[in-house]
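Open the model in your viewer and keep the selection panel at hand. Each stop below names what to pick and what is there.

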Amino acid sequence: MLQFLNNQQNRKQRPNENFAREVMELFTMGRGNYTEQDVKEAARAFTGWTSDESYQFVFREKQHDAGPKTFLGRTGNFGGEDILNIILAQLQTAEFITTKLYRFFVNDTPNSAHIRPLAQAFYKSQYDISALLEELFSADWFYDAVNVGNRIKSPIELLAGIKRTLGVQMEDPKPLIGYEKALGQTLFEPPNVAGWPGGRNWIDSSSLLLRLQLPQVLFKNAQFNVALKEDENDILPSVTKADRTFRQQIKTHVELQPIADFLAKIPEEQQAAKLGEFLLQAPIRPENLALVQQTAAKVPPEIRLKTMVTSLLSLPEYQLM
Amino acid sequence: MTNRRDFLKTSVLASSLLFVPKFLHALDRQGVARLGNSNGRRLVVIQLGGGNDGLNTIVPYRNDLYYKARPTLALREQSGLLTLNDDLALNPAMTRLKALYDDGRMGVLNSVGYPNPDRSHFRSMDIWQSGSSSDQIVTTGWLGRYLDSNCAECQVPYNGLEVDDTLSLAMKGQQRKGLALKNPEKFHQITQNRFIAQVSGEKAAGVASELDYLYKTLAETASSADYLYQTAKVYKSTVTYPNTEFGKNLKTTAELINSGIETRVFYVSLAGFDTHVRQQEQQGKLLGDLADGLGAFAEDLQKSGQFDSTLVMTFSEFGRRVQQNASNGTDHGTANNIMLLGGALRKPGILNAAPDLANLDQGDLRYQLDFRSVYATVLRDWLGADDKAILGSEFARLDGLV
């Protein structure tokens, strides 16, 4: 993080504010809870924080500004750790982090009636994250319908979900990276220091169509023909168009036996609905259930189950978790 | 029911909710939203990916400092430079743009950039695409926010079209996003997949849930695909374009425009400008593709009387170091030029001073014009949009440019 946010350039004579700013804006308090002057003073306190060639933390005393600073109303000869401690002493920091977790695990729209008490307990526990998560996961509202199946999966969640649920084996797993990129998320390559914005930001016309086609690509060897942009954040501009174009058909093996076993005792006309309950977080619409049933009825019995699964996974409902 | 706007107004947590800087919430407020009416004008943005070397594109051919900094890479008059004025000349590969320039259909803005420039391709491209400053992280694009602000009632993604397989950040707004397609036929074909076609016929339940959003997006996509496919049939271009990816994409763009598509913003990219090594040949080829493509595009639009209502703007994420490197190439730099093309440019020609090579910042050009001033000008004066709401603050516009 020091590297990513230019703190190696943050020196006594020429402070670089990047690290100090983002620590507060993105990771602890959020905008509007500190002043530009606080950013400047915190940057001075972080001078000399850097790393060696093997990315181990190093404090370079000669580059450190040891003079007095005033930060969030307190004055002292603060170093970086003092600044972090002052930040943690703000209740706002507990609220900000709780809100982030709430938006990720519960609902993209924060509910302050839920968040407030959690944040206060989190603060009192001196930021015990596991205690916070336990409280969050065991709250009654966590299981309310409004908080289930209402979150748009990230590309990784979508791909990993398909792969794990159906025990998908790929002869060559490399194309997965291409799918990730085409859908806008390459692991370990976030677009910037704030990370992926997530939620509805994953979805536009093109990405939604790609997402809905993905099961057919994986299970029916349909074509997936997408040229990745040269400005994807890890594709260097020198990579040729041909090398960026991603069109191989992939061979997959799907482990359907557990699903077949699961459905064995269920009458055939109820199987699609049952499978829908199993695969989808949101209740399936009657017209979609009919569509899945019709699609399955049209194919020979030996591929019926696979077709049914592919259809269910191609529904917008499967984009949610 | 509380919607997001009310929530933001009332919640004490509001300021910590989103990574989007506060100013962008201006677009959420009613009142700002309805300003737009581009009077049938459209904008075509051409992205030159990789960091185009502006100094060898629009060449300061009378400047000794240029020749001193680039002993083997500098372009000389005898190699066929295309003179624009006493200071500047076009790269020899750009004959078709020279013709447009002579015809008063091209403008050049020099030394465009931003304070504290970032030399990373990815970060600087994000800055240009989002229209942010270099110490700001904005997760929407400037054209996406134009779509947000301009036309709340025209709920169609094809208001902004990117001719590519995936959509750039530039075209993603908070509420509305543009649409990416390589060609209308292929795109239409995907939505005609029996299963997808059925599902996209379904209505959103109208409860503003995430599922609803997916159904709404899908329905809009399918109807856009239909509209684009049907409309694009109207006009088939007879103009000869370069037989390149870029040429084809411009042809698709021209066919859509000449067919009467109601798209306000088009986005087309040409990549490969990261010329650290043996720059001359590679850049020449790309600039030839650019100039030939845009020349054909202008011809196509002129034929159908659409060039006057079209503004083309090129940009790259940064220019390159003034000094050449040891591999006959150039490394990442800062400020760069922007080219404008259009049938109705109010001020064609060289629009500001040539790059100042005597006053560099650690070997790089100092920017003289903030790129957001150019955006503001285009948004307000060309598209009739609220530049201040879209860009988050007021940038001095360039008077009487477009």
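**Stop 1: Arg21(A)**

Select Arg21(A), which sits in helix α1 of chain A. Helices here are DSSP runs of H or I with at least four residues, strands are runs of E with at least two, and both are numbered from the N terminus. This is a predicted model, where local features need pLDDT of at least 70, side-chain atom pairs count only at pLDDT 80 or more, and totals for chains, interfaces and linings use all residues. Residues are numbered from 1 along each chain as its sequence is written, chains are lettered from A and ligands numbered from 1 in the order in which they are written, and side-chain values use heavy atoms, with hydrogens and water left out.

Is Arg21(A) buried or exposed? Arg21(A) is buried, at 9% relative accessible area. Buried means under 20%, exposed means over 50%, and partly exposed is in between, with a 1.4 Å probe and protein chains only. Now show its contacts (heavy atoms within 4.5 Å). Leaving aside neighbours within four places in sequence, Arg21(A) contacts Tyr34(A), Glu36(A), Val39(A) and, from chain B, Asp135(B).

**Stop 2: the second largest pocket**

Stay with α1(A). Helix α1 (18-28) of chain A and α5 (121-130) of chain B each give at least two residues to the lining of the second largest pocket. The largest share, three residues, comes from α1(A). To centre the view, pick Asn6(A), Gln9(A), Asn16(A), Asn18(A) and Asp118(B), which lie nearest the pocket centre among 35 lining residues.

A pocket is an open set of points on a 1 Å grid over the protein atoms alone, with protein on both sides within 12 Å along at least five of seven lines; a cavity is a set where a 1.4 Å probe fits but cannot get out; lining residues have an atom within 4 Å of a point. The second largest pocket holds about 1400 Å³ of space. Grid points are joined across faces, edges and corners, and the volume is the space filled by probe spheres set on the points.

Colour the lining by class: 10 residues are nonpolar, 13 polar and 12 charged. Nonpolar covers Ala, Val, Leu, Ile, Met, Phe, Trp, Tyr, Cys and Pro; charged covers Asp, Glu, Lys and Arg; the others, Gly among them, are polar.

**Stop 3: the domains of chain A**

Colour chain A by domain: domain 1 (7-88), domain 2 (91-147), domain 3 (155-253) and domain 4 (257-319). The bounds come from an automatic or database domain assignment. Domains 1 and 3 of chain A both give residues to the lining of the second largest pocket, so the pocket lies between them. The C-alpha centres of domain 1 and domain 4 of chain A are 55 Å apart.

**Stop 4: His64(A)**

Move to the loop between β2 (57-59) and β3 (69-71) of chain A, where His64(A) is found. His64(A) counts as buried, at 12% relative accessibility. Beyond residues up to four places away in sequence, its contacts include Lys12(A), Arg44(A), Phe59(A), Lys69(A) and Phe78(A). Draw a distance from His64(A) to Glu180(A): the C-alpha atoms are 42 Å apart, across 116 residues of chain.

**Stop 5: helix α6(A)**

Select α6 (residues 129-138) of chain A. Which of its residues are buried? They are Leu132(A), Leu133(A) and Leu136(A). Down the axis of α6(A), these fall within an arc of 95 degrees, so they line one face of the helix. The arc is that of the directions from the helix axis to the C-beta atoms. The buried residues of α6(A) pack against α4 (91-105) and α5 (112-124) of chain A. On the face turned away, find the exposed Ser130(A), Glu134(A) and Ser138(A).

**Stop 6: two positive phi values**

Tyr127(A) is in the loop between α5 and α6 of chain A. Its phi is near 65 degrees, a positive value in a residue other than glycine. Tyr127(A) is buried, at 18% relative accessible area.

Phe188(A) is in the loop between α8 (175-183) and α9 (205-220) of chain A. Its phi is about 70 degrees, again without being a glycine. Phe188(A) is exposed, at 76%.

**Stop 7: a cavity by chain B**

The structure holds seven cavities of 30 Å³ or more. The second largest cavity has a volume of about 120 Å³. Select Arg176(B), Lys177(B), Tyr213(B), Thr217(B) and Glu220(B), the closest to its centre of 13 lining residues. Helix α9 (residues 210-232) of chain B gives the largest share of this lining, five residues.
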